[in-house]
Amino acid sequence: RGDPRDNKPGQRIVIPEHPAQIAAVDIDLERVRRLYLQRAIESLPTAASMSAIDLDFLAAETRTSRAYVQESIDELRRTSG
């Protein structure tokens, strides 16, 4: 038990002592989406491409459109290669 701000994933799980210590933490969802898509690209075998089913799955997972996923993947490939 203690201050949840002292929580360190994989090392220390801190349970709040009082409900007043529970608070929402804003995160950048755009950054999270791009990191998720980047990991998806990295998991592909060399010279492989994503199928329509893969793109639809990633669009559903990121709660975006298939066009957004395709544009993001194209951009990530341009900047990494």
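Predicted model: local features only at pLDDT ≥ 70, side-chain atom pairs only at ≥ 80, totals over all residues.
**T62 first.** I looked up T62 and found it buried, at a relative accessible area of 6%. Buried here means under 20% relative accessible area, exposed means over 50%, and partly exposed is in between, using a 1.4 Å probe on protein chains only. T62 sits in helix 2. Helices are DSSP runs of H or I with at least four residues, strands are runs of E with at least two, and both are numbered from the N terminus. Setting aside neighbours within four places in sequence, I get contacts from T62 to R33, Y36, L37 and V69. A contact is heavy atoms within 4.5 Å.

Residues are numbered from 1 along each chain as its sequence is written, and side-chain values use heavy atoms, with hydrogens and water left out.

**R63.** Next I checked R63, which is in the loop between helix 2 and helix 3. R63 is exposed, with 75% relative accessible area. Its phi is positive, about 55 degrees, though R63 is not a glycine.

**The core.** Which residues form the largest nonpolar core? I list 11: L37, A40, I41, M50, L55, L58, A59, Y68, V69, I73 and L76. By nonpolar core I mean a set of buried Ala, Val, Leu, Ile, Met, Phe, Trp, Tyr and Cys residues joined through side-chain atoms within 4.5 Å. The elements giving two or more residues to this core are helix 1 (29-42), helix 2 (52-62) and helix 3 (66-80). Helix 3 gives the most, with 4 residues. For background, nonpolar side chains in soluble globular proteins tend to be buried together.

**Helix 1.** I get 14 residues and 20 Å from first C-alpha to last, close to the 20 Å expected at 1.5 Å a residue. That expected span is 1.5 Å times one less than the number of residues. The buried residues of helix 1 are L37, A40 and I41. Looking down the axis, I see the buried residues of helix 1 fall within an arc of 100 degrees, so they line one face of the helix. The arc is taken over directions from the helix axis to the C-beta atoms. Their cover includes helix 2 and helix 3. At the N-terminal end, D28 caps helix 1, with a side-chain oxygen 3.2 Å from the backbone nitrogen of E30.

**Whole chain.** I count 3 helices and 0 strands in the protein chain, running α-α-α from the N terminus on. Its radius of gyration is 18 Å, whereas a compact globule of 81 residues would have one near 12 Å. That radius is over C-alpha atoms, and the globule rule is 2.2 Å times the number of residues to the power 0.38. The C-alpha trace spans about 50 × 25 × 20 Å along its principal axes. Buried residues are 19% of the 81 in the chain. Of contacts between residues at least 6 apart in sequence, 35% join residues at least 24 apart.

**A24, last look.** A24 is in the segment before helix 1, and I have A24 as exposed at 77% relative accessibility.

Methods:
Polar contact = N/O pair within 3.5 Å; in protein donor to acceptor, adjacent residues only side chain to side chain.
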